[in-house]
Amino acid sequence: MSIDRTKIFEKVLVTGIAGSGGSYLAERILLKYPQSKLFGLYRSHTSSNSDNLKQIIGKITLIPCELRDFANLDRILREINPTVIFNVASQANVLDSFTNTHTTLINNIEIMSNLLEILRNS
């Protein structure tokens, strides 16, 4: 049995798309699966015109979203109804992660917990 990856990559959601990892991942997905409809979630205080997104800005739908806001994230996921989700969002500032370790940990766990809970209930 073979897997039809074009079906899997039909509607792709990338969280943290404005970061280097998220933008690079989005570029690779569009290169390999150009027919994909790609959605990217980014923190509203992060610029959606990030230099990281210059190469793909016209090929993606960007949505500002605080991933710790459960109700808003739930609404967005229901609207998009993605076929695959890549979660690369996190508090990624290395210095901040050392000085605010607990806050960083709670933030990153809450993001993943919200995603998993919404998917479990959908």
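Q: In what order do the four strands of the open sheet stand, and is the pairing parallel or antiparallel?

A: This is a predicted model, in which local features need pLDDT of at least 70, side-chain atom pairs count only at pLDDT 80 or more, and totals for chains, interfaces and linings use all residues. Residues are numbered from 1 along each chain as its sequence is written, and side-chain values use heavy atoms, with hydrogens and water left out. Helices (H or I, at least four residues) and strands (E, at least two) are DSSP runs, numbered from the N terminus. Two strands pair if DSSP finds at least two bridges between them. Here the four strands form an open sheet in the order β3-β2-β1-β4, with parallel pairing.

Q: Which strands stand at the edges?

A: The edge strands are β3 (60–64) and β4; each has a single partner strand, so one side of each is left without a neighbour in the sheet. From one strand to the next, the twist averages 20°. For angles, axes are lines fitted to C-alpha atoms, for helices over the stretch in contact, and the values run from 0 to 180 degrees between N-to-C directions.

Q: How many bridges join β1 to β2, and how many join β1 to β4?

A: Five bridges join β1 to β2, and the two run parallel. Four bridges join β1 (residues 11–15) to β4, also in parallel. As examples of facing residues, Val-14 stands opposite Gly-40 in β2, and Thr-15 stands opposite Asn-87 in β4.

Q: How many of the six residues of β2 are buried?

A: Buried means under 20% relative accessible area, exposed means over 50%, and partly exposed lies in between (1.4 Å probe, protein chains only). In β2, five of the six residues are buried, so this strand is largely enclosed by the rest of the structure.

Q: Which strands does α2 lie across?

A: Contact means heavy atoms within 4.5 Å. Helix α2 lies across β1, β2, β3 and β4, and runs at about 165° to β1. Gly-22 is found in this helix and counts as buried because its relative accessibility is 2%. Leaving aside neighbours within four places in sequence, Gly-22 is in contact with Val-14, Gly-16, Ile-17 and Val-88. Gly-22 and Arg-120 are 98 residues apart along the chain, and their C-alpha atoms are separated by 24 Å.

Q: Are Ala-18 and Pro-34 buried or exposed?

A: Ala-18, in the loop between β1 and α2, is buried, with a relative accessible area of 9%. Pro-34, in the loop between α2 and β2, is exposed, with a relative accessible area of 60%. Pro-34 and Lys-59 are 25 residues apart in sequence and 9.1 Å apart in space, C-alpha to C-alpha.

Q: Which residues of α3 are buried, and what covers them?

A: The buried residues of α3 are Asn-72, Leu-73, Asp-74, Ile-76, Leu-77 and Ile-80. Their cover includes β1, β2, β3, β4 and α5 (101–120).

Q: Which residues does Thr-104 touch, not counting residues up to four places away in sequence?

A: Thr-104 touches Gln-91, Asp-96 and Ser-97. Thr-104 lies in helix α5 and counts as buried, at 10% relative accessibility.

Q: How much space lies in the largest pocket?

A: On a 1 Å grid over the protein atoms alone, a pocket is an open set of points with protein on both sides within 12 Å along at least five of seven lines; lining residues have an atom within 4 Å of a point. Grid points are joined across faces, edges and corners, and a volume is the space filled by probe spheres set on the points. The largest pocket holds about 350 Å³. Of its 21 lining residues, the closest to the centre are Gly-16, Gly-19, Arg-43, Ala-89 and Ser-90.

Q: Which element supplies the largest share of the lining of the largest pocket?

A: Helix α2 does, with three residues. Both α2 (20–32) and β2 (37–42) supply at least two.

Notes
On a 1 Å grid over the protein atoms alone, a cavity is a set of points where a 1.4 Å probe fits but cannot get out, and a pocket is an open set with protein on both sides within 12 Å along at least five of seven lines; lining residues have an atom within 4 Å of a point.
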